[in-house]
Amino acid sequence: MPSTNTLLKHKKFSDTPIPWLLPLFIILAFMFVYPTMQVIIYGFTNAKITSPNYSFTLRTYKSILSNPSTYYTLWITIIFVFFSVLFQTLLGLAIALAVDKGESLLFKRGSIFVRISSLLSWAIPGVIVGVVWGFIYSETGTGILINLFKSLNIENIKFLTDPKNALVSVIVANIWRGSAQSMILSYAGLKTVGKAQIEASNIDGANAWQRLSKIILPDIFPVISTNIILNTIMTFNTFDMVWSLTGGGPGRATEVLAMTSYKAIFNNYSISKGSTYATLLLLINSIMAVIYFNILRKREED
Amino acid sequence: MKKSNQKGAKIGIIISFVLITMFFLGPLLWVLSLSFKTVDELFYVPPKLFPETFSFENYRQALWQADIITYLFNSIRIVVGTIIGIAIVTIPAGYGFSRIKFKGSKVIQFLVLIFQMISPLIISIPLYRYFSKLNLLNNWTTLTLIYIAIALPFATWTLKGYFDTIPISIDEAGTIDGCSRWKVLTEILMPLIIPGFVSVIVIVFVTSWSQFIVPFIMISDSRMFPISVGLVNLQSSSDTISTQLLAAACVIGIIPTIIVFIILQRYIVSALTAGAVKG
């Protein structure tokens, strides 16, 4: 680019990246790089919250890796993430298609209203999502959902006190919370689908399903796939919503990995144990990040 | 034939719109209804969909007796501090990544984005220990700094993307007129970047307002709780008789988000899609 050359002719300090990026680097170094490395190191120690000193040991890893409860938590977390992301993506896509169709067929206002109402659920704080769904799932005679089921002659469902139901309930609440983000991205993707292609397919007599599977989905697949990965990472990190909805219970039926880590540290005072769980979380997210960057790079090469 | 087909599609769309809106707004409307109910009304079986009276008594109690007003102002304080910090750090950084070519720029940008994927819980563990040694728990400055750090990766990336959309010839025109880089940034580029910056701010507002785990770990002084921690605190101390208060507190916690949302809705869509569609 010749234009940058003229700018670089006499190089001053302000022409180097340093003054512009220094504050960013300092904050990231202190608040991300240092703590992340420290968490990994803590996993190889016996650090306790109650004592300032610690020594290095492999015992913490041995104990959590041989403990079946670790695998139970992992299993719960994976079920939670898988079904949350699956249904958020599907529901998000369905809403985006409806909104997009609604805009061209009906009234623009209605479509915007639908878009805003689903986005609201995404924007309100996670702990409030948990409290709100706690009201919905209330198992006393005054709960709204339990009475709804009663009117369908299904009595006494234990939404939150039965372990299996509790996990489903948490996942439904999380789908409610996260679908809007998938919707917005799918919606933006739909806007880039070639109108000419769709018109051509209309003339060829393609039905709605053929249009969706042959033209629209392949076109927005890149947007959807990156969204799935980012969403998976975010969902693995979930803490707030589950905390206020079930606290991980009943028992440990809805205890996700981040919560296990928190509880090890702040309920059992074991920084080392909590850090091993946190490192596990870090490892999972690193794998997802590598996949994400590979997709991005591939797309840039195309 | 074609006409009836269109009519069917229209009815289908309307039905799906109603279902979608019910699914997403239903839970919020239920909380709104609870927040106006009296204790007696709470225990009606089956529950009434709408409260009998619209009294703001629950709100008054939640705000002043349950101290939600304090939590609300604490949250505002932290979020405003975070937004100012984000502006100070990301405007130069976004400019630097967009306008200054240097070796490794791309790699560093990706490294910055990786931090976006690290759970705030992970960084809070060592920071808790570190700050407790320095006696800096329950401290506005350190808390806000952590909030800023968490919002930085997304904000830097998005802002850099907005800088990229401004043609470099605009910078060059300024340079020819004798402007320094700083002047080009503050006087020429800044006005152009404002819509992009507002989008970033909206997202930073939403995520910081929702932030829970960081203050949950770093703050133990209840006078300093932000709304998220305050609510969980209220939840753990409340029982079925105070459901209506907790509901009112939830509504109060949601209101700022709704206000920001309705005013700046289009910026949210633009910020959320900025990375995804271009990428």
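How many residues does the contact take from chain A and from chain B? It takes 77 residues from chain A and 79 residues from chain B, where two residues are in contact if their C-beta atoms, placed from the backbone, lie within 7 Å. The model is a predicted one, in which local features need pLDDT of at least 70 and side-chain atom pairs count only at pLDDT 80 or more, while totals for chains, interfaces and linings use all residues. Residues are numbered from 1 along each chain as its sequence is written, and chains are lettered from A, with ligands numbered from 1, in the order in which they are written.

- On the side of chain A that touches chain B, helix α2 (residues 18–42) of chain A gives the most, with 12 residues.
- The residues on that side of chain A divide into 48 nonpolar, 26 polar and three charged, with Ala, Val, Leu, Ile, Met, Phe, Trp, Tyr, Cys and Pro counted as nonpolar, Asp, Glu, Lys and Arg as charged, and the others, Gly among them, as polar.

**Chain A**

- Chain A has 13 helices and zero strands, these being DSSP runs numbered from the N terminus (H or I, at least four residues, for helices; E, at least two, for strands).
- With a radius of gyration of 24 Å, well over the 19 Å that the globule rule gives for 302 residues, chain A is more spread out than a compact globule; the radius is taken over C-alpha atoms, and the rule is 2.2 Å times the number of residues to the power 0.38.
- Taken along the principal axes, the C-alpha atoms of chain A fill a box of roughly 80 × 75 × 30 Å.
- Of the 302 residues of chain A, 43% count as buried, a residue being buried if 20 or more other C-beta atoms, placed from the backbone, lie within 10 Å of its own, exposed if 12 or fewer, and partly exposed in between.

**Chain B**

- Chain B contains 12 helices and zero strands, and its C-alpha trace spans about 75 × 75 × 30 Å along the principal axes.
- The radius of gyration of chain B is 24 Å, whereas a compact globule of 279 residues would have one near 19 Å.
- Among contacts in chain B between residues at least 6 apart in sequence, 78% join residues at least 24 apart.

**Largest nonpolar core**

- In the largest nonpolar core, which has 155 residues, B:Ala249 and B:Cys250 touch the most other members; such a core is a set of buried Ala, Val, Leu, Ile, Met, Phe, Trp, Tyr and Cys residues joined through C-beta atoms within 7 Å.
- Helix α7 (residues 140–164) of chain B supplies the largest share of this core, 15 residues.
- Leaving aside neighbours within four places in sequence, B:Cys250 is in contact with A:Ile128, A:Val131, A:Val132, B:Val31 and B:Leu231.

**Local backbone features**

- A cis peptide bond, with omega about 0°, joins A:Gly249 and A:Pro250, and A:Pro250 lies in the loop between α11 (240–245) and α12 (257–266) of chain A.
- B:Asp67, a residue other than glycine, has a positive phi near 65° and sits in the loop between α3 (57–65) and α4 (68–99) of chain B; it counts as partly exposed because it has 17 C-beta neighbours inside 10 Å.
- B:Asn135, also other than glycine, has a positive phi near 60° and is found in the loop between α6 (120–133) and α7 of chain B; with 8 other C-beta atoms within 10 Å, B:Asn135 is exposed.
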